[in-house]
Amino acid sequence: MADIDLPEDLLDLERTAWAEQQNGALTVPTALAVQTAITAHAAAAGVSRYRVEMAVKRRVRNPAMAADAA
């Protein structure tokens, strides 16, 4: 998968959501904030929202895998 430039604020939102999810406390506002940011970034970058979401999750949830894909 080609590299997608991911802004740090988007990664921070996903880190927050991932931490909440790991603690069984993911909230709707947090999940909505992540999805809204992913959708906006995808539209601005001209790439599919799905590809952006996959890249964000890979980078946050499995940094070693993300480094291998780069």
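**Entry 1: getting oriented**

For my notes, a helix here is a DSSP run of H or I with at least four residues, numbered from the N terminus. By that definition, I find E14 in helix α1, which covers residues 8-22. I keep in mind that this is a predicted model.

**Entry 2: E14**

Is E14 buried or exposed? I looked up its relative accessibility and got 3%; the cut-off for buried is under 20%, so E14 counts as buried. I then asked which side chain E14 makes a polar contact with. The partner is R61, at 3.1 Å. Leaving out residues up to four places away in sequence, E14 touches V34, V56, K57, V60 and R61.

**Entry 3: the rest of α1**

I checked the length of α1 next. Its 15 residues should span 21 Å at 1.5 Å a residue, and the end C-alpha atoms are 21 Å apart, so the two agree. Just after α1, I noted a positive phi of about 70° at G24.

**Entry 4: α2**

I moved on to α2, which has 18 residues and reaches 25 Å from first C-alpha to last, close to the expected 26 Å. Its buried residues are T30, V34, I38, H41 and A42. They cover an arc of only 100° around the axis, so they sit on the same side of α2. On the face turned away from that buried side, I found the exposed residues V28, P29, L32, A43 and A44. The buried residues of α2 pack against α1 and α3. Just after α2, G46 takes a positive phi of about 70°.

**Entry 5: salt bridges**

How many salt bridges are there? I count 5. One of them joins R15 to D12, with the closest N and O atoms 2.6 Å apart. R15 and D12 are 3 residues apart in α1, which means about one helical turn between them. R15 is partly exposed at 36% relative accessibility, and D12 is partly exposed at 36% too.

E53 forms a salt bridge with R49 at 2.3 Å between the closest N and O atoms, and R49 lies 4 residues away in α3, about one turn. R49 is partly exposed at 33%. E53 also bridges to K57, at 2.9 Å, and K57 is partly exposed at 28%. Elsewhere, salt bridges with shared partners join E8, D12 and R15 into one network.

Key:
Residues numbered from 1 in each chain as written. Predicted model: local features only at pLDDT ≥ 70, side-chain atom pairs only at ≥ 80, totals over all residues. Heavy atoms only, no water. Helix = DSSP H or I, 4+ residues; strand = E, 2+ residues; numbered from the N terminus. Buried < 20%, exposed > 50% of the residue type's maximum accessible area, 1.4 Å probe, protein only. Polar contact = N/O pair within 3.5 Å; in protein donor to acceptor, adjacent residues only side chain to side chain. Contact = heavy atoms within 4.5 Å. Expected span 1.5 Å × (residues − 1). Arc of directions from axis to C-beta. Salt bridge = Lys/Arg side-chain N within 4 Å of Asp/Glu carboxyl O.
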